[in-house]
Amino acid sequence: MAENYSNGGGQVGQSLRPRCPAPFLLKTYDLLEEGGVADGSGGKIVSWNGDGSGFIVWSPAEFSDLTLPRYFKHNNFSSFIRQLNTYGFKKISSKRWEFKHEKFQRGCRDMLVEITRKKGEPSVFPSYLKSSSEENATTSNSMEENNNNSHQLLMEENKNLKKERLELQMQIAEFKSLEMKLLECLSQVMDNHQNKSRRQC
């Protein structure tokens with residue numbers, strides 16, 4: 001049987017074993033390859049970006065509530081982000097939650113095995129979620145930020161619903177006014193018709 005030796009001469013090297021991608025990477029890849037996850041109204045919660053070189057979490061609140069428990073058995077968006085950073089993913093947009101890794105691409109599942117965890121760094125917490133305080137405080141702050149984002153999304157949705165409700169109430173009032181006018185017109189027509197009939201008699 002062939003054996004692998006180190007260049008130093010003499011020592012038997014470890015036998016080559018087929019490596020498997022980390023479960024976190026496989027789950028993240030699978031949820032995207034399955035077409036992303038849609039919300040109840042048909043909009044995307046998470047999906048590949050346009051060219052498949054990265055992915056976008058369109059709705060962090062729904063991603064936490066609907067997607068994470070389904071694939072990762074938790075609903076902590078900050079924890080998911082920390083895991084991404086641990087494997088070398090980069091957040092590439094300041095306006096949305098878009099992440100990239102050169103070995104994480106649509107249709108390239110076989111490349112996942114080449115993605116490894118970072119080692120020997122003082123902190124694996126993403127710089128875009130860091131504060132000047134300690135890591136525990138940073139984690140707390142980022143979770144609070146995520147909660148604030150979710151709260152803002154809910155407030156915005158509530159505001160939109162109130163606006164729609166007012167518009168519907170205005171439409172109902174207009175229809176009622178139109179109904180009254182039509183009834184008045186119909187009443188006048190009926191009165192005119194009855195008056196003409198009486199005159200003929």
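Helices (H or I, at least four residues) and strands (E, at least two) are DSSP runs here, numbered from the N terminus. What you're looking at is a predicted model, where local features need pLDDT of at least 70, side-chain atom pairs count only at pLDDT 80 or more, and totals for chains, interfaces and linings use all residues. Residues are numbered from 1 along each chain as its sequence is written, and side-chain values use heavy atoms, with hydrogens and water left out.

Let's start with Ser53, in the loop between β2 (44-48) and β3 (54-57). Ser53 has a relative accessible area of 17%, so it is buried (buried means under 20% relative accessible area, exposed over 50%, partly exposed in between, with a 1.4 Å probe and protein chains only). Its side chain makes a polar contact of 3.2 Å with the side chain of Lys100; that term covers a pair of N or O atoms within 3.5 Å, where within protein one must be able to donate a hydrogen and the other to accept it, and residues adjacent in sequence count only if both atoms are side-chain atoms. Leaving aside residues up to four places away in sequence, Ser53 touches Lys100, His101, Phe104 and Gln105 (contact means heavy atoms within 4.5 Å).

Phe104 leads us on to the largest nonpolar core, which has 26 residues; Phe104 is among those with the most contacts inside it, as are Phe55, Phe63 and Phe80. Such a core is a set of buried Ala, Val, Leu, Ile, Met, Phe, Trp, Tyr and Cys residues joined through side-chain atoms within 4.5 Å. At least two residues of this core come from each of α1, β2, β3, α2, α3 and β5 (97-100), and α1 gives the largest share, 5 residues. Not counting residues up to four places away in sequence, Phe80 touches Phe24, Thr28, Phe55, Phe63, Leu68, Phe72 and His74.

Now for the rings. The whole structure holds 16 aromatic pairs, meaning rings of Phe, Tyr and Trp (its six-membered ring) with centres within 6.5 Å; planes under 30 degrees apart count as stacked, over 60 as edge-to-face and the rest as tilted. Tyr29 and Trp48 have ring centres 5.8 Å apart and planes at 75°, so they pair edge-to-face. Because Tyr29 lies in helix α1 (residues 23-33) and Trp48 in strand β2, this pair ties together parts that are 19 residues apart in sequence. Both Tyr29 and Trp48 are buried.

Lys73 makes a contrast: at 69% relative accessibility, this residue counts as exposed. Lys73 sits in the loop between α2 (60-72) and α3 (77-86), and has a positive phi of about 60° although it is not a glycine.
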